[in-house]
Amino acid sequence: MKPVLVTGGAGYIGSHTCKALAAAGFEPIVFDDLSTGFERLVRWGPLVRGDIADAAALNAAFGKYRPIAVIHFAGRIAVGESVVAPWLHYGPNVAGTIALLNAMRENAVDHLVFSSSAAVYGVPESSPVHESAPQRPLSPYGHSKRFAEQMIGDYCAASTLKSVCLRYFNAAGADANAETGELHDPETHLIPLAFDALLGKREQLTVNGDDYDTADGTCVRDYIHVTDLARAHVDALNFCMQSEARASAFNVGTGNGYSVREVLNAINEVTGRPVPHSIGPRRAGDPAHLVADANAAKGALGWTPIHSSLQEIIGSAWRWHQRERGLLASESAQ
Ligand SMILES: NC(=O)c1ccc[n+]([C@@H]2O[C@H](COP(=O)([O-])OP(=O)(O)OC[C@H]3O[C@@H](n4cnc5c(N)ncnc54)[C@H](O)[C@@H]3O)[C@@H](O)[C@H]2O)c1
């Protein structure tokens with residue numbers, strides 16, 4: 001088994017990617033400080049508990065496991081939080097990435113796949129969004145991803161490093177066998193928030209605006225099943241190790257958009273229950289329509305989404321959500 005260091009592998013997308021890596025014959029070595037991740041999601045390889053900003057801890061992990069590559073997920077993810085507390089984001093997302101790049105250099109690890117985001121585009125002039133679209137992030141979170149991509153590109157230009165940055169659109173869904181899933185706290189993503197409203201864990205879901213220039217007035221997003229997203233990382237890793245390209249960036253989405261109302265209707269169909277919701281004001285900086293042009297990833301990586309119908313995304317997320325609630329009930333009873 002070829003060892004791959006997975007920073008943030010105890011989190012949502014990282015844990016699904018560890019499962020995909022193990023299935024593809026790699027050994028995922030998770031490097032995670034468990035600040036928002038969970039030890040119980042580390043199931044496909046060892047866990048090294050550490051902060052990516054800690055050079056000594058990184059060097060020890062590189063020395064012990066001798067990874068052939070790094071997949072870098074670790075960081076803060078909530079856009080709203082980044083606006084009110086940018087220091088929480090620039091530390092791990094920028095300074096942490098610098099420490100990781102330096103540790104890779106010192107340990108002669110030359111292949112990197114990085115978690116970037118559609119947030120680098122800000123409000124795009126048109127949608128579907130191509131990788132060549134102007135990058136005008138609107139939040140410290142988006143800036144941190146853009147800086148990280150820039151730094152990675154500069155290291156690639158000046159050294160033997162090769163990289164693939166994957167710009168995710170909206171990651172959603174859960175593992176088909178409910179072996180891992182989404183556990184964000186606080187949760188900011190539409191589908192788990194809707195489940196919480198449906199199960200009475202929150203009073204209702206607030207839809208952020210219904211007066212956008214879209215068919216039903218609510219925002220349209222590109223939902224990519226986390227299992228498809230995880231496979232994109234394995235494909236990106238193979239591409240990084242086999243192709244001549246030094247530094248690449250690919251959108252990862254389906255190219256299909258669904259409105260908030262369409263998602264709520266699909267949740268009703270899958271669960272048999274309506275989502276209690278009300279209409280709130282628009283959220284600053286939300287584009288009406290944000291859908292990926294994912295043709296570059298399909299062409300270069302040979303990757304294509306196969307689990308990303310709204311029904312499969314919601315069905316898998318619902319199974320995970322219900323299982324988690326059962327688990328939490330038995331844990332709290334102990
Ligand atoms: N979830 C999405 O829809 C989405 C969209 C675009 C991009 N991304 C990016 O994907 C990556 C993973 O997102 P996620 O949804 O799985 O988030 P997550 O919070 O579930 O996972 C992040 C992981 O990183 C770890 N971590 C954070 N700071 C760390 C540090 N300093 N040192 C070591 N470990 C640290 C956390 O403990 C956690 O396990 C992030 O970089 C995020 O910005 C996510």
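Axes here are lines fitted to C-alpha atoms, for helices over the stretch in contact, and angles run from 0 to 180 degrees between N-to-C directions. Helices (H or I, at least four residues) and strands (E, at least two) are DSSP runs, numbered from the N terminus. What you have above is a predicted model, where local features need pLDDT of at least 70, side-chain atom pairs count only at pLDDT 80 or more, and totals for chains, interfaces and linings use all residues. Residue numbers start from 1 along each chain as its sequence is written.

**View A. Helix 6 crosses helix 8.**
Start with helix 6 (residues 190–198) and helix 8 (residues 260–271): their axes come within 11 Å and cross at roughly 50°. That angle makes helix 6 oblique to helix 8 (angles under 35 degrees count as roughly parallel, over 145 as roughly antiparallel, 65 to 115 as roughly perpendicular and the rest as oblique). On the helix 6 side, look for Leu190, Ile191, Ala194 and Leu198, which meet Val260, Val263, Leu264, Ile267 and Thr271 of helix 8. Contact means that the C-beta atoms of two residues, placed from the backbone, lie within 7 Å. By class, the residues of this contact are eight nonpolar, one polar and no charged (Ala, Val, Leu, Ile, Met, Phe, Trp, Tyr, Cys and Pro count as nonpolar, Asp, Glu, Lys and Arg as charged, and the others, Gly among them, as polar).

**View B. Helix 4 packs with helix 5.**
Here the axes of helix 4 (residues 86–106) and helix 5 are 9 Å apart, at an angle of about 10°. The two helices are therefore roughly parallel to each other. Helix 4 brings Pro86, His89, Tyr90, Asn93, Val94, Thr97, Ile98 and Leu101 to the contact, while helix 5 brings residues including Tyr141, Phe147, Met151 and Tyr155. Sorted by class, this contact has twelve nonpolar, four polar and one charged residues.

**View C. Domain 1 meets domain 2.**
The domain assignment, which is an automatic or database one, gives domain 1 (2–171 + 224–252) and domain 2 (190–221 + 255–291 + 306–333). Taken over C-alpha atoms, the domain centres are 26 Å apart. Domain 1 puts 14 residues into the contact, and domain 2 puts in twelve. On the domain 1 side, strand 10 (223–225) and helix 7 (226–242) are the elements that give two or more residues. That side divides into eight nonpolar, five polar and one charged residues.

Most residues other than glycine have a negative phi, and most peptide bonds are trans. Pro128 sits in the loop between strand 5 (111–117) and helix 5 (140–158). Is Pro128 buried or exposed? Pro128 is buried, because 20 other C-beta atoms lie within 10 Å (20 or more is buried, 12 or fewer is exposed, and in between is partly exposed, with C-beta atoms placed from the backbone). Neighbours within four places in sequence aside, Pro128 touches Gly255, Val291, Ala292 and Asp293.

**View E. Pro186 and Ala178 lie in the loop between strand 7 and helix 6.**
Asp185 and Pro186 are joined by a cis peptide bond, with omega about 5°. Strand 7 covers 170–172. Ala178, which isn't a glycine, has a positive phi near 55°. Ala178 counts as partly exposed, with 16 C-beta neighbours inside 10 Å.

Notes: Left-handed = near helix turned anticlockwise from the far one by under 90°.
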